[in-house]
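Welcome to a short tour of the model shown here. Have the viewer open and follow along from one stop to the next.

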There are 2 protein chains.
Amino acid sequence: MAMPRRMLRTPSQRIEPAVLGAVVYILNEDGPDGLTVRAIAKRAKVAPMTIYNHFNGKNGLLEIVWTDGFSTLQQALGIETGDPAHDLIASALAYRNFALEHRAHYTVMFIHHFDGFVPSIPATQLAAQTFQVLVNHIQRCQAVGLFEGYSATNAAQMMWSACHGYVSIELTSVNFSSDHEGTFRSLITGLLRGLGPSLSTP
Amino acid sequence: MAMPRRMLRTPSQRIEPAVLGAVVYILNEDGPDGLTVRAIAKRAKVAPMTIYNHFNGKNGLLEIVWTDGFSTLQQALGIETGDPAHDLIASALAYRNFALEHRAHYTVMFIHHFDGFVPSIPATQLAAQTFQVLVNHIQRCQAVGLFEGYSATNAAQMMWSACHGYVSIELTSVNFSSDHEGTFRSLITGLLRGLGPSLSTP
DNA sequence: ACACTAATGGAACACTGTTCTATAGAGGGC
DNA sequence: GCCCTCTATAGAACAGTGTTCCATTAGTGT
């Protein structure tokens, strides 16, 4: 009963999910520092070279995580009932939920800068499209009198700043607030009210 | 006229400013990726070993940048005239100005995670103190009826989230807004209004 | 069953932070 | 001015990183 002279080959179809699963697992468990090519290969039970044959090295993997993340986020933000203000708030809550439930993706998309990783032009466009979903929400709100006097882009930038700021602070665990969800809700509804219709007496 | 067998020694008093200056320069010019011990030493015209003798390696340098940054920021936020709401807005603007004028420091403090860098306990306490300055602003505001129904900590968390979110997006140059300062001002004043006194008709 | 594809292990490269070494220049006491 | 101590220096060395190249050989399609 001799040891095989080398590890058995991983069937081709299982390589991609195994590697991507390893990336997400390591990011969630050990953080960005632990995400090395050799560690990914080891966890995926795959040779390091496979990461260069199947993907485009470490940056290729990050690009997939980035793209998958923005696709998921874009869908999560596309809430459309009859009430634009409600939709905007729901989208903000969905944004936070996405970050909490897909820490690994959110880290790659927004938090951690990986040495030498620059998303491709299509990947960047996908991110811009995702932002556009937010702009569309604002425009629907403007149709019913909210965000008067602001450009939709600027208003969207403000909403996104608030969401991203709160969430990124929450994820890096320097949130001094009690009741993380409640405070986030207050932030969003407060901002919506403050940027809402003029407060002059009717 | 022979070349000296080795570089002349850098006088002790000039080492610290030269090295710290090099760190800030490289962070501003090449970003976090370019900040290597050898690059710092080269730019400071100093031997790499000096960084380990004088400071505590790369992490020691980062800790100094962190500490200096929070000291400066804490002072910049300590605005106190008679008008609490005005002071809060002025502090928010000062926060953004600090980030723009001290990109390198802001990067180390809030944006980039450096492999293996964990600020010491005193350094972390200094950061918490800085946050407390914001809480104090909120409390003064509450004394004149603003932020009713919110805990000061939670309200401060919301304000900081908005500031940090906007600024970090601006620094990583994915700001879609026109008029960066104006939009930031709108964000802050809008949030202040939205979290302000109840909007029920008088 | 056979041929082709591609996953494997291992060596190698340039880079990183870090430690250790012997050397010799700077600074202070006389 | 002289000498002695302190320490900044250059350089090698270590483990780790992303990445490339290699011969070997196990899967896979026909």
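Please keep in mind that the model is predicted. The side chain of A:Glu80 meets that of A:Arg140 in a salt bridge, with 3.6 Å from N to O. A:Arg140 sits in helix α7 (residues 121–143) of chain A, while A:Glu80 belongs to the loop between α4 (57–77) and α5 (84–101) of that chain, so this pair ties together parts that are 60 residues apart in sequence. A:Arg140 itself counts as partly exposed because its relative accessibility is 28%.

## Two further salt bridges in chain A

Over all chains, the structure holds six salt bridges. Another of them joins A:Arg96 and A:Glu170, whose closest N and O atoms are 3.0 Å apart. Here A:Arg96 comes from helix α5 of chain A and A:Glu170 from helix α8 (residues 152–171) of chain A, so the pair ties together parts that are 74 residues apart in sequence. Are these two residues, A:Arg96 and A:Glu170, buried or exposed? Both A:Arg96 and A:Glu170 are buried.

A:Glu181, at 39% relative accessibility, counts as partly exposed, and so does A:Arg185, at 40%.

## A covered helix in chain B

Now turn to helix α6 (residues 103–111) of chain B, which is mostly covered, with seven of its nine residues buried. The buried residues are B:Ala104, B:His105, B:Tyr106, B:Thr107, B:Val108, B:Met109 and B:Phe110. What lies over them includes helices α1 (12–30), α4 (57–77), α5 (84–101) and α8 of chain B.

## Where the two chains meet

Between chain B and chain A, about 3100 Å² of area is buried, and carbon and sulfur atoms give 64% of this. Which three residues supply more of the area that chain B buries against chain A than any other three? They are B:Gln157, B:Phe176 and B:Arg193, which together supply 18% of that area. In terms of contacts, 36 residues of chain B touch 36 residues of chain A.

The count of salt bridges between chain B and chain A is zero, but six residue pairs are in polar contact across the interface. On the side of chain B that touches chain A, α8 (152–171) and α9 (180–194) of chain B each supply at least two residues. The largest share of this side comes from α8(B), with 12 residues. Sorted by class, the side of chain B that touches chain A has 15 nonpolar, 18 polar and three charged residues.

## How the copies are related

To finish, step back and view both chains together. Chain B is superposed on chain A by a rotation of 180 degrees with 0.0 Å of shift along its axis, at an RMSD of 0.0 Å. That is the relation of a two-fold axis. Of the interface residues of chain B, 97% are also interface residues in chain A, so the copies meet through the same surface.

Technical notes: Residues are numbered from 1 along each chain as its sequence is written. Chains are lettered from A and ligands numbered from 1 in the order in which they are written. This is a predicted model: local features need pLDDT of at least 70, side-chain atom pairs count only at pLDDT 80 or more; totals for chains, interfaces and linings use all residues. Side-chain values use heavy atoms; hydrogens and water are left out. Contact means heavy atoms within 4.5 Å. Buried area is the accessible area (1.4 Å probe) that two parts lose on being put together, summed over both. A salt bridge is a side-chain nitrogen of Lys or Arg within 4 Å of a carboxyl oxygen of Asp or Glu. A polar contact is a pair of N or O atoms within 3.5 Å; within protein, one must be able to donate a hydrogen and the other to accept it, and residues adjacent in sequence count only if both atoms are side-chain atoms. Helices (H or I, at least four residues) and strands (E, at least two) are DSSP runs, numbered from the N terminus. Ala, Val, Leu, Ile, Met, Phe, Trp, Tyr, Cys and Pro count as nonpolar, Asp, Glu, Lys and Arg as charged, and the others, Gly among them, as polar. Buried means under 20% relative accessible area, exposed over 50%, partly exposed in between (1.4 Å probe, protein chains only). Copies are superposed by least squares on the C-alpha atoms of residues with pLDDT of at least 70 in both.
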